[in-house]
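Student: Hi! Could you walk me through this structure?
Tutor: Happy to, here it is.

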Amino acid sequence: MATAIRIENLSKQYHLGAINRQMLYQELQSRWARWRGRADPHAPIHTRRVEGDGSFWALRNVSLDIEQGEVIGIIGRNGAGKSTLLKILSRITAPTEGRVLIRGRVSSLLEVGTGFHSELTGRENVYLNGAILGMSRREIDGKFDEIVAFAGVDEFLDTPVKRYSSGMTVRLAFAVAAHLEPETLIIDEVLAVGDEGFQRKCLGKMDEVTQQEGRTLLFVSHNMAAINSLCRKTIVMDDGRIAFSGPTAQAVAFYLEQIARRSEQPEANPACFAEDAALPLQVREVILRDAAGKPASQFDFADEMEVGITLQVRAANPDYFTALTVLDGVGNWVYFASDDDLADPPIGQVGAGLYRYRVRLPARLLKPGSYSLDVVAARRHHGKVDRRDGALRFEIGDVQSRRSVKGLYRKPAIVAPELSWAFEK
């Protein structure tokens, strides 16, 4: 089987703070060298080194071979280097060291509206993206109706994309990326913007293009269920390096164990996070409390529990939202909730300051087992996201039913709510 992507000793360094004039000069030199043309367009770009404070390695010595037709999952906590790796593979940014060899065309969907021009209509952007991928107008014409049908934006096809909602934009962007027949398809977790039905549709399409058409797929997601269902092999990124590469089940277990180790620190509950002035809405603290209001990580099946979320708001914005996800011990999404459940979410209407949510989880909801909690604070349509994966871990036991029939049969269940039984003769 042919190699679709070869990554050799790939590193990416960013300079933090004030501009380093020497580094800027070297960057301009390297770009000029590329514009003049080089014998090997994939040769390493001019190495940039910033010694001492002020430098940050987003990637460090990453090497990997991906075979044609493989479906590779990429997981890891925020800041692990996933997005930087995808941007280099998509040729959005250049590596500091190392090189990447890619066979054939690459189509990427890294954020809402990737490759779209906001002033152009949906129709014009389909042709623009096709041209960027190197396709002729005739080829795009042949796929056009299929793209529009998949995206479901027929009524708005001749409307400028800047008037699309984030969901409409990502539907059209994915349809273009998946249908214009690239040899390699790169998808970041942008699909989380779409509704549940569209996400299932996208997963089905990705499975189709890899299984039936033999294309290569790189898929980044925080949804372990999607990773498990789609990818046979998964890479775990941590601190800019590949921490694990192997079968998906083992990779997910490794990743969750990483999260568990970090959560076992003395200050795990509450989980506190340093202030980041670059984020307009930020999660500062997550805490779990028992029915008595005390911090806890061990709960009984019959007890209520409460999640406390402290948010730093820097300016009012009606698009702000906060959400939490409960995951089981193997990374499956068990429960998702957001402040959209409120009739009038206050977080987007308040001024700057610290605010707290108290979210009560009812008793007899989750079956006994191990769980983790993810918390997200962001804007609905664009802007920076503060995602706290594995913010806390907790255990649910069941002392009362341990020896009962219910205790014997509960294990295969997903949830375990209490039901009302009425007997009639």
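Predicted model: local features only at pLDDT ≥ 70, side-chain atom pairs only at ≥ 80, totals over all residues.

Student: How do β8 and β9 pair?
Tutor: Strand β8 (residues 233-238) runs antiparallel to β9, and six bridges join the two. Strands count as paired if DSSP finds at least two bridges between them. Helices (H or I, at least four residues) and strands (E, at least two) are DSSP runs, numbered from the N terminus.

Student: What stands opposite T234?
Tutor: That is G246 in β9.

Student: Thanks! What is the strand order in the open sheet?
Tutor: Its six strands go β5-β6-β7-β3-β8-β9, and the pairing is mixed.

Student: Which strands stand at the edges?
Tutor: β5 (106-109) and β9 (241-247) do; each has a single partner strand, so one side of each lacks a neighbour in the sheet. From one strand to the next, the twist averages 15°. Here, angles run from 0 to 180 degrees between N-to-C directions, and axes are lines fitted to C-alpha atoms, for helices over the stretch in contact.

Student: Which strands does α2 touch?
Tutor: Helix α2 (residues 82-89) packs on the sheet and touches β3 (71-75), β5, β6 (184-187), β7 (216-220) and β8. Contact means heavy atoms within 4.5 Å. The direction of α2 makes about 140° with that of β3.

Student: And α5, what does that touch?
Tutor: α5 also packs on the sheet, touching β5 and β6, and its direction makes about 165° with that of β5.

Student: New topic: how do α4 and α5 cross?
Tutor: The axes of α4 (residues 137-151) and α5 (residues 166-179) come within 8 Å and cross at roughly 140°. The two helices are therefore oblique to each other. Under 35 degrees is roughly parallel, over 145 roughly antiparallel, 65 to 115 roughly perpendicular, and the rest oblique.

Student: Who makes the contact?
Tutor: K143, E146, I147, F150 and A151 of α4 meet R171, L172, F174, A175, V176 and H179 of α5.

Student: How do α3 and α4 pack?
Tutor: Helix α3 (residues 122-132) and α4 pack at about 130°, with axes 10 Å apart. The α3 side of the contact has R123, V126, Y127, G130 and A131, while α4 brings R137, I140, D141, F144 and I147.

Conventions. Residues numbered from 1 in each chain as written. Heavy atoms only, no water.
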